[in-house]
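User: I am new to this structure and would like a close look at one part of it. Could you take me through a salt bridge and then show me what surrounds the topic elsewhere in the chain?

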Amino acid sequence: MLTRSRHSLPAILGPLVLLISSFGLVGCGKDDFSDDAYGFLDLSPYYYDGSTASDPNRGLTRDVRPHLGWVNGERAEYYDFGIVNVQRKRNATNTPDFAVVSPMYFFFDSQNRPIFSRPVYEPRTGSWFMKGGRKAFNLLPRDDAPRDLVYSIRQRDYFVDNQENPYLPGVPARNVPDYQRPIVDRLNNNGDYSGMWEITEIRVPDGYEPDKIKSWETLRRGVDSGKFELFSTGKVINCPILDERQTVVPTPMYYNIPYPRIELWYRTKQGSCFLSDGWLTLGDENGVPYPMGPEFYDRRLDTFDVLRYSIGDKASSVSTIIAPVGKLFQPRVSIMTQDPVRSQSIELRLIGDFLTDAAPRTKPSDPPGYRPIRWMWDVTVPQDPPYEPGTFKQIIGIDPAQYQPRGGTATTAVPWTRNFPLIGKAMKCTKEQVAAGSDPCRKQFAGPGLALECNLTPDFNIAIAEIPAGTRDINNDGKIDRDDLQMLREGGPRCDVPQVRFGEFCAPAVAKCALEGKPSGTGMAIPSEERGRLIDFRYEDRTSTTPENPTGVRLAAAASGKIFNPDTNTGGMAGGYTCLISPRAASGYCYFRCDSDQAAAAALPSQSITVRYVGPDGKNKSEPGTLPFDSRCGDLPGYRCLTPNTSPATPTRLRVCVRQCDPQKPDRFNDAFCQNPVNVSIRNEKVQDQEIQQGTYCTNDGISGANACIWNPAYEPRDPLTRFVPSNQ
């Protein structure tokens with residue numbers, strides 16, 4: 001890629017003079033060090049596995065989601081940022097030695113103030129960001145911005161760097177909305193790329209306009225000129241570079257430590273990386289970046305193992321910094337096949353039980369040993385009996401004969417190495433603590449202002465699945481129940497984001513949908529022993545003929561108490577809620593959960609309704625509509641058991657009950673159709689007696705292969721005067 005100047009010579013000088021002048025500029029250097037921007041990074045060529053000629057982007061992973069695993073017997077979560085290159089040992093080329101650490105250039109002014117952004121928390125998604133550029137806007141909209149517009153285009157103020165740095169007493173804040181994005185010069189196509197970066201400080205001259213330099217080539221000319229100063233800190237962060245189309249799904253295990261998406265420049269192209277290890281190397285626990293200077297190097301915490309050494313004598317020594325490689329273990333089963341075409345068995349690697357033995361350091365007293373660049377090893381498990389999740393929780397105790405490097409033996413394998421950082425370990429809690437009103441999780445936070453709570457059922461499927469044979473009484477309470485299963489497979493209850501109920505806003509690291517709800521109102525023939533596993537709603541029977549219900553058919557047959565009973569594995573609506581995530585907004589709302597493993601009962605006759613709406617010509621129109629019934633959704637009119645559009649696929653027990661609509665119909669027809677009342681209203685302390693269809697619209701956002709009537713999370717937080725508000729925000 002070329003680094004081009006913003007200056008050009010007048011065309012009237014002619015081609016020859018232009019050519020000669022250009023050579024003169026290259027030879028003598030320039031006083032104005034700046035680059036033009038040339039688009040965004042496209043990483044799809046480096047994710048060719050799965051791509052096709054018609055869809056070259058198909059191999060690009062769009063969502064980087066947390067993977068469950070263990071650290072020395074404690075539940076933990078990891079990110080997988082894919083294969084990276086490492087250097088191998090000279091005397092054993094099948095053994096990885098270390099990952100190369102390349103510089104990432106962070107800019108500071110003459111007063112040692114950082115001129116890159118501090119991390120900002122986005123409460124709607126639970127994500128952190130470090131933005132850049134000139135005249136940068138605040139990530140969050142104004143408090144008084146009208147909420148009848150989608151969140152992304154609401155009015156925002158400039159994001160001004162107006163906070164004084166506490167490590168620079170007496171030095172005023174910059175008070176400008178201009179930020180310099182860091183610069184890198186290595187990418188996935190480079191043979192030494194690992195995602196590991198040394199924090200390299202650049203002091204700019206007075207008068208430098210942030211973000212003018214966008215490449216190492218131009219920065220190097222500035223350093224060679226003596227106007228820009230470069231200092232190596234020896235401190236390393238792990239920040240894998242991402243495509244702009246990729247999303248990193250946040251997790252409660254951030255525990256209020258920033259994990260920001262950092263905007264950066266690579267050879268005049270804008271990109272970003274995800275700071276999976278190292279905010280405490282860049283700044284403190286309060287989100288304040290450390291100033292420039294060696295007096296702050298000791299404050300920059302090594303969150304993972306780094307090796308530093310010098311080559312040569314003191315006068316001419318060269319300092320080198322590398323990141324050693326650790327091991328990560330994963331259960332693998334070989335499945336024999338009768339297929340004559342296959343000459344080998346099928347290798348199946350099991351997710352959910354990744355094993356390591358060290359965690360990132362969050363304070364200087366924490367022990368070393370954590371290495372996010374992983375050499376992948378397989379733990380061989382038998383095909384029969386089937387592998388039981390949670391069998392392995394730590395490496396110690398596994399027979400060494402059961403594991404070997406992926407792809408071969410310890411002497412023949414070509415090493416598989418991945419950037420596979422640990423996010424965090426689960427914080428444990430107990431139901432006894434919750435019952436006593438002393439939930440220890442309330443003192444922990446996922447992000448600013450987001451207190452955690454004890455989740456007694458961290459695995460939803462375990463909470464409603466049948467207890468398999470062989471489950472042990474691990475709690476020693478004289479009975480075998482789901483508490484034992486949770487302990488065996490998940491390590492027991494843990495701190496998690498708050499649980500919310502029907503119609504409330506949900507997102508992966510913000511809020512989860514609750515397992516249980518409490519019905520109320522007339523006609524609710526629900527036995528007390530069912531423990532209120534249905535929904536928080538008020539139901540009112542309607543059997544008389546009305547303009548909206550000309551047939552007089554009962555609109556909510558769910559009043560018969562057809563709810564799912566997990567103890568007997570019978571019933572209709574599954575009970576509890578599921579979070580229907582909009583891929584575009586990375587958030588959604590809680591809707592009724594259905595279990596598509598359960599066979600639907602004989603369907604009631606579809607209900608015919610009259611849909612009245614205003615046509616495009618301004619005239620009133622009336623058209624017939626049809627509301628089918630599905631017993632898996634409690635026979636709520638028009639509700640069907642549908643599949644959320646997620647990757648990986650949503651388990652059948654977590655599918656969603658929503659009213660299905662027809663995309664072939666006019667939008668105004670569907671608006672009226674979607675909001676045709678069900679006579680079921682939300683009933684909780686946040687939202688009282690709101691008809692559940694109010695404010696819904698017809699879309700396929702978040703639904704696979706169908707359209708449904710749902711709320712649009714792009715408006716959250718909402719204006720209660722113009723749109724339905726299913727939460728207290």
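E490 and R75 join their side chains in a salt bridge, at 3.2 Å from N to O. Since E490 belongs to helix α6 (residues 482-490) and R75 to strand β3 (residues 74-78), the pair ties together parts that are 415 residues apart in sequence. Please keep in mind that this is a predicted model. How covered are the two partners? E490 counts as buried because its relative accessibility is 5%, and R75 is buried too, with a relative accessible area of 6%. Both values fall under the 20% that marks a buried residue.

In general, side chains of opposite charge can pair when their charged atoms come close. The structure holds 37 salt bridges, so let us visit a few others.

The side chains of R300 and E201 meet in a salt bridge at 3.4 Å, N to O. This pair also links distant parts of the chain, 99 residues apart: R300 is in the loop between α3 (279-282) and β16, while E201 is in strand β10. R300 has 1% relative accessibility and therefore counts as buried; E201 is likewise buried, with a relative accessible area of 1%.

In another salt bridge, D630 meets R632 at 3.0 Å, N to O. D630 is buried at a relative accessible area of 4%, and R632, at 18% relative accessibility, counts as buried as well. There is also a network of salt bridges, which links R332, E347, R349, D378 and R406.

β10 pairs with β6 in the parallel sense, over 7 bridges. One example is S102, whose bridge partner in β10 is W197. Strand β6 (residues 102-108) is mostly covered, with 6 of its 7 residues buried.

Y309 has its place in β16 and, at 39% relative accessibility, counts as partly exposed.

A search of the whole structure finds 34 aromatic pairs. In one of them, Y208 and F228, the ring centres are 5.6 Å apart and the planes stand at 85 degrees, so the pair is edge-to-face. Y208 lies in the loop between β10 (196-203) and α2 (216-224), and F228 in the loop between α2 and β11 (229-238), so this pair ties together parts that are 20 residues apart in sequence. Both Y208 and F228 are buried. Elsewhere, one aromatic cluster is formed by F502, F505, Y577, Y589, Y591, F592, Y639 and W711.

Finally, charge and ring can meet. K135 lies over the face of Y158, at 5.8 Å from the ring centre. The charged end of K665 sits over the ring of F669, 5.1 Å from its centre.

How values were computed: Residues numbered from 1 in each chain as written. Predicted model: local features only at pLDDT ≥ 70, side-chain atom pairs only at ≥ 80, totals over all residues. Heavy atoms only, no water. Helix = DSSP H or I, 4+ residues; strand = E, 2+ residues; numbered from the N terminus. Buried < 20%, exposed > 50% of the residue type's maximum accessible area, 1.4 Å probe, protein only. Phe/Tyr/Trp six-rings, centres within 6.5 Å; stacked < 30°, edge-to-face > 60°. Lys NZ or Arg CZ within 6 Å of the ring centre and 35° of its normal. Pairing = 2+ DSSP bridges. Salt bridge = Lys/Arg side-chain N within 4 Å of Asp/Glu carboxyl O.
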